[in-house]
Amino acid sequence: MRQGEKLTSHLDWPLLITYFLFLIMGMATVYSTALDPDHPNLFDYSQKYGKQVVWLGISLFLGLLVFLIDSTIYRKFAVPIYISTLVLLVVVLFMPPINGARAWLQIGGFGIQPAEFAKTGTALLLARYISSLNIKQQNLNSVLVANAIMIVPMILILLQPDAGTFVVFTSFLFVMYREGLTYDPLVLKLVNTIPGVKFKQTWVGTHFIPIMFAIVFLCIVTLLLSNNTITFSFLPGLIIPGFFGVILSLIVFCLIAFLFLRFISTKRERRRITTVIIIAFVLSASIASSVNYLFQGLRKHQKDRIELFLGLREDPNGEDYNRNRAMAAVGSGGLAGKGYTNASVATIESNHVPESETDFIFCPFAEEWGFIGTFILIGMYMFMFLRIIMIAERQRSRFNRVYAYSVVMILFYHLAVNIGMNIGFAPVIGIPLPFFSYGGSSMMSFSMLMFILLKLDSQRSHVLQ
Amino acid sequence: MNFDARKYVIIVFIITVGLIYIVRLFFMQVIDDSWTLRAQEIAEKRKQIVPPRGAIFDRKGVKVVSNRTYYNLMFIEDEIKHLDTAAFAKVLGWTKDSVALRFKEIVKEQGTYRDKNDNYKKKPNYQSDRPYAFIKEMTLEEIATIAPHLDKFPGFYEEITSMRSYTYPNGANIFGYLSEVNEEEIKEDHFYRRSDNIGRAGIERFYEKELRGQKGIRYIVTSARNNELKPYMDGIYDTIAKQGPNFKLGIDILLQEYGERLMNGKRGCIVAIEPSTGEILALVSSPTYDPNLMVGNRNIAKNYPKLILDKDMPLFPRPLAAEYPPGSIFKLLQSLIALQEGVITPESGFPCNKGMVGCHNHASAGNLMDAIKFSCNPYYYAVTRRILQQGKKKSVFADAEIGLNKWHKYMMSFGLGQKFDADATGLRPGLIPNSAYYDKWYGHLRWAFSTIRSISIGQGEVKLTPLQMANIACIIANKGWYYTPHFVKSIGNKGSLPQFRVKHRSMIDAKHYDPIIEGMRRVVYVSGGTGGRAKINNEEKIVVCGKTGTVQNPQGEDHAVFTCFAPMDKPKIAIVVFIENAGFGGTWAAPTASLMIEKYLTRKVKDKEKEKRILEASFKN
Ligand SMILES: [Zn+2]
């Protein structure tokens with residue numbers, strides 16, 4: 001650290017303030033959800049909110065430590081940090097399982113989830129590796145190494161098993177995509193074995209990751225929605241089957257995109273945009289139709305298996321138990337919500353929505369604050385993500401940029417999957433909502449991610465790497 | 001190579017997902033309310049609070065119908081865990097088998113439905129997650145032995161309910177009773193839930209909507225284990241239960257009680273009305289029953305079969321629903337119509353020739369007043385012939401047709417031949433025949449006065465309910481008008497129903513009533529009058545104007561009837577006493593009426609000898 005420089009100089013205040021706002025909102029939601037009228041004190045450590053206050057304190061303390069340490073250590077120690085998180089991931093596999101998963105390390109009275117910290121470790125090593133690459137070194141070799149850095153912890157996490165965190169690790173694919181590490185070398189290698197073919201680049205290989213994710217997203221949404229029907233209170237009698245709902249949404253979405261893009265594009269591009277959107281619509285509609293068709297054509301036990309995988313069959317007492325209750329909680333919030341501490345479906349006490357203070361914490365929030373609340377919440381997350389991308393893009397160091405992209409993609413994944421499972425867009429795989437969900441490991445790991453980013457950003461002008 | 005443009009792919013990806021989620025949330029939370037309904041289904045319980053029914057007071061302010069707290073032993077099958085049937089049976093004081101039997105019985109009581117979604121299979125309505133009453137309507141003493149043990153039997157709990165309580169064992173036919181609603185009633189009126197009570201007869205039924213009050217609803221948040229947690233949204237949607245308003249009756253409960261006592265051992269009825277208001281002061285139907293016998297479904301199950309099978313029909317509201325020929329009291333109306341039609345004057349005399357109809361031995365009546373006094377049958381044959389055969393047509397048949405229909409109109413104006421718009425259930429219209437009626441019997445223009453002459457003296461086809469008979473006395477006392485007889489003087493402080501404030505007028509001019517009233521006085525106070533026993537204490541302090549009647553009964557002993565009002569100058573009470581099989585009206589009916597009048601006007605009865613004679617008389621065979 002340079003002499004005479006304040007810790008807070010060059011700090012990105014908008015991001016830090018957003019982070020603190022999330023902490024306050026999250027804490028308030030945990031308090032309301034877990035509230036025991038006999039122990040209303042926020043600092044009552046026998047209660048979940050009391051414990052969460054402790055976790056918050058520890059997280060902020062760790063954040064302060066991060067700020068005191070020069071940011072160069074993350075680059076220097078990326079390998080040992082990564083390896084130690086891997087060691088923890090291995091050690092945890094020998095621990096007694098809790099709720100069917102070997103995810104917890106007991107240290108003293110507290111439980112730690114190494115998987116949460118593995119995200120940070122992986123992000124750092126990936127940043128270090130990619131930043132060490134020459135721009136021209138993006139060959140098959142570098143793609144494989146970068147993927148290996150991501151896949152090793154993924155395998156260990158799958159062994160626990162922890163499907164949620166496993167899925168979150170695929171967020172690093174977007175980071176690699178941003179940095180030009182795509183599957184194109186792999187595709188080229190395959191394609192160019194065909195005699196007479198000699199591509200230098202394939203469009204599919206280059207944009208493989210976003211395309212694949214768009215398709216996966218579309219498939220999952222189609223599968224989850226095609227079994228439901230959509231009804232309207234103000235138009236009784238109008239019942240839209242779920243599958244038509246998907247197609248209808250696609251049409252509406254393409255129209256909006258078309259109008260929006262026409263508005264911002266030049267005259268010359270307009271033709272191209274029309275073509276692209278029509279192709280995109282035809283493609284996505286046919287993917288959705290074929291998924292729906294295939295699924296409806298499946299035999300009962302095959303259907304059951306897919307439904308089980310999607311989490312539609314988690315509870316033996318009823319198909320779709322958790323998601324249905326979670327969606328009821330969210331949907332019953334209405335426009336303005338039932339009011340703070342007035343949630344009736346999603347509280348620990350009523351227990352209709354299981355895990356309402358951890359994985360399903362969006363439920364009590366949505367129930368209490370309604371659409372106004374959820375709109376603001378998602379808006380705040382969007383702001384945070386765009387802010388981090390902006391921060392990422394202003395870094396002169398590639399290490400910093402890769403790390404920043406890792407942070408934004410990890411957070412985005414958590415948001416998309418977590419809220420997705422509350423609104424019927426994602427299968428029930430337990431992952432926390434960043435800065436909201438009750439739990440020490442996630443709170444600490446998200447805070448560490450955030451503070452390391454803030455520290456790196458505040459020292460962005462120091463190092464030229 | 002520069003990959004900077006790829007940041008836009010990521011930005012678009014993030015924003016797209018964000019927008020999709022916001023749109024989806026907008027649909028789920030704001031537009032589609034099926035999730036709200038689902039949440040209510042999952043996490044809310046609507047608890048209805050049934051208020052006590054409105055209390056009922058008599059005209060003097062005595063509370064005659066009130067509410068008493070009872071207890072239901074409720075259970076929810078899903079919450080019962082390992083029921084120790086033996087221990088439970090011991091607490092109830094039942095046998096083990098009867099406990100098991102009761103569970104089966106409850107399921108059976110709920111009935112079955114056809115499931116549309118399952119090949120229309122029969123399925124029970126019973127649902128194991130809903131509360132049902134294991135034992136209904138226990139008294140405090142009964143529940144007190146059970147309640148302390150209930151915590152050992154999870155799934156069972158006590159629930160408070162209120163039921164009727166009657167201060168006097170009288171007026172059962174006025175008040176009616178309550179019993180459990182049936183499926184149809186639940187479907188028809190969403191106010192009711194299973195095991196609610198509904199008014200079944202009398203005032204309880206007629207004023208059901210007012211008496212039942214307003215239910216309160218509490219919304220309660222329940223947990224996944226069905227525990228009640230807290231009021232939903234701090235109770236902002238809760239409504240408070242409102243008890244039905246207090247009812248004030250025209251009934252004088254002491255008069256009612258006295259009337260029921262006097263009628264003990266007799267079949268028949270007494271109806272007393274205040275002429276100036278139409279308020280019913282007493283309505284005795286004999287034999288009757290103690291209304292407390294029909295409180296609560298357990299009592300009803302025990303007592304209803306006995307009451308319904310009793311050959312004297314205690315559940316039958318005779319004053320409202322029994323249709324009797326009126327007998328000689330009908331002569332009062334014939335007189336009025338004849339005077340109005342101008343076919344006689346008060347001074348008209350007709351000989352008592354017993355050629356066409358019998359009569360008792362008396363001097364021929366030289367005027368109308370004496371005809372009433374003697375109740376001379378031939379006199380009224382002559383009078384009624386003059387009403388019906390006025391010579392307006394050459395053909396005697398066509399003439400009778402015109403006459404009868406005119407006569408019918410007069411009778412309708414006395415409230416006869418039609419149901420009163422009264423606040424009671426089971427009212428009957430009686431019968432006043434018109435030409436169409438006889439045409440059906442004899443054929444068009446095939447009848448004349450001589451064919452139908454028995455209506456002259458209130459026999460034959462003519463039928464009146466005792467309430468109509470009493471109302472005739474009111475019309476005469478008022479000299480030409482009446483208010484529809486009714487029980488309820490005031491609902492809360494809103495007064496009686498509007499239809500009870502409309503004056504109905506007869507088609508007879510007021511002046512024509514004077515000779516009739518004089519005749520009715522002579523019935524009681526002039527020697528040779530048929531109703532001498534109606535005198536109160538043999539004095540003329542309270543002047544009673546009355547008319548006896550003896551209704552011929554082909555099945556047995558004649559019925560006795562007496563209708564009257566008092567005092568003559570300022571009528572306060574009009575009354576009819578009808579005693580089946582008691583023979584001549586002057587012997588039993590007249591003195592009973594006098595006792596009722598004395599009781600009402602002076603609050604006590606001096607002539608204990610007379611009272612004893614009536615109390616001890618019995619005409620039931
Ligand atoms: Zn005679």
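Is B:Gln389 buried or exposed? I will come back to that residue in a moment, after a word on conventions. What we have here is a predicted model, in which local features need pLDDT of at least 70 and side-chain atom pairs count only at pLDDT 80 or more, while totals for chains, interfaces and linings use all residues. Residues are numbered from 1 along each chain as its sequence is written, chains are lettered from A and ligands numbered from 1 in the order in which they are written, and side-chain values use heavy atoms, with hydrogens and water left out.

To the opening question, then: B:Gln389 is buried, because its relative accessible area is 17%, and buried means under 20%, exposed over 50% and partly exposed in between, with a 1.4 Å probe and protein chains only. This glutamine sits in the loop between α15 and α16 (396-413) of chain B, where helices (H or I, at least four residues) and strands (E, at least two) are DSSP runs numbered from the N terminus. If we leave aside neighbours within four places in sequence, B:Gln389 is in contact with B:Val396, B:Asp399, B:Ala400, B:Ala448 and B:Phe449, contact meaning heavy atoms within 4.5 Å.

Let me widen the view to the whole of chain B. Its secondary structure comes to 22 helices and 20 strands, and of its 621 residues 55% count as buried. Among the contacts in chain B with a separation of 6 or more, 68% are between residues 24 or more positions apart. The chain exposes about 27,600 Å², with carbon and sulfur atoms supplying 52% of it; accessible areas come from the Shrake-Rupley method with a 1.4 Å probe, and for residues only the protein chains shown count as cover.

Next, the metal site. The zinc ion has as protein donors B:Cys352 (SG), B:Cys359 (SG), B:His362 (NE2) and B:Cys376 (SG), at 2.0 to 2.4 Å, where donors are N, O and S atoms within 2.8 Å of the metal (3.2 Å for Na, K and Ca), and since water is not among the atoms, sites may look incomplete. Along the chain these donors follow the spacing C-x6-C-x2-H-x13-C. B:Cys352, in the loop between α13 (330-341) and α14 (368-374) of chain B, and B:Cys376, in the loop between α14 and α15 (377-388), link distant parts of the chain, 24 residues apart, and both cysteines are buried. The arrangement is tetrahedral because the four donor atoms subtend angles of 98 to 123° around the zinc ion, the criterion for four donors being that all angles lie between 85 and 135 degrees. For comparison, the ideal angle for four tetrahedral donors is 109.5 degrees.

Some backbone details deserve a look. A cis peptide bond joins A:Gln160 and A:Pro161, with omega about -5°, and A:Pro161 lies in the loop between α6 (140-159) and α7 (163-169) of chain A. In chain B, the peptide bond from B:Ala566 to B:Pro567 is also cis, with omega near -15°. A:Thr341, although not a glycine, has a positive phi of about 65°, and at 27% relative accessibility this threonine counts as partly exposed.

Finally, the interface. The contact takes 65 residues from chain A and 44 residues from chain B. About 4,800 Å² is buried between the two chains, 72% of it from carbon and sulfur atoms, buried area being the accessible area (1.4 Å probe) that two parts lose on being put together, summed over both.

Conventions. Four donors count as tetrahedral if all angles lie between 85 and 135 degrees; four count as square planar and six as octahedral if opposite donors are over 155 degrees apart and all others between 65 and 115; anything else is irregular.
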